[in-house]
Amino acid sequence: MAVHFKNVDRLSAALSAGDLDLSKRDDKGFILEVLIHSADIANPAKPTAVCSKWTELVMEEFFLQGDKEASLGMPVSPFYDREKTNVAQCQMGFINVLVKPLYVEFTSILGDKGISECLRCLESNFDGWTEYQRRCTEDGATEPWTEFMATRAKELADERARLNRRPSLAASLSGRAGAQVHPQ
């Protein structure tokens, strides 16, 4: 993790100072290293259904390692104890501390349009984990997070499909007699 924070700090400083020169071999290598790392931690920057499935797989991998550590009498690594780990808090921290700061820096390189979908997914998934945590804490809900996130993914997909079916303002205006739509 130390490398992650070092690289985010280096990227931020280089972008702020305008010192990033992709014609230089070292800078190009650094950006490639950071891009590969960003792909590795991209799970929460994907649509909720994909994020939820990968979270389930990764957490099970962590828990299996924690089970093995416990069976060997070793201390169980942080986030690897299936009985003590709060998956929602784990994911919210992962998003806020590791993923989002790196992806926000990439907006300087790729521009808002290049990464806005990833940031939208990060926010949406963070909101989902926050809502799940709130329901468990305040409402005493016992629904497994896997079911909660699957339901959330379906609701978001249904909402997106509903919005995509709505005619745009331009389309509805173009059907009116005498109306003209001028692109901005």
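How much space lies in the second largest pocket? About 260 Å³ lies there in this predicted model, in which local features need pLDDT of at least 70, side-chain atom pairs count only at pLDDT 80 or more, and totals for chains, interfaces and linings use all residues. Residues are numbered from 1 along each chain as its sequence is written, and side-chain values use heavy atoms, with hydrogens and water left out.

A pocket is an open set of points on a 1 Å grid over the protein atoms alone, where a 1.4 Å probe fits, with protein on both sides within 12 Å along at least five of seven lines; lining residues have an atom within 4 Å of a point. Volume is the space filled by probe spheres set on the points, which are joined across faces, edges and corners.

The second largest pocket is lined by 14 residues, of which T48, R120, L156, A157 and R160 are the closest to its centre. Two or more lining residues come from each of α3, α4 and α5 (145-165), helices being DSSP runs of H or I with at least four residues, numbered from the N terminus. The most come from α5, with six residues. By class, the lining comprises seven nonpolar, three polar and four charged residues.

The largest pocket holds about 770 Å³ of space. Its lining has 25 residues, with I41, V58, F62, F94 and L98 the closest to the centre. Two or more of the lining residues are given by each of α1 (2-17), α2 (25-40), α3 (48-71) and α4 (87-138), and α4 gives the most, six residues.

Key
Ala, Val, Leu, Ile, Met, Phe, Trp, Tyr, Cys and Pro count as nonpolar, Asp, Glu, Lys and Arg as charged, and the others, Gly among them, as polar.
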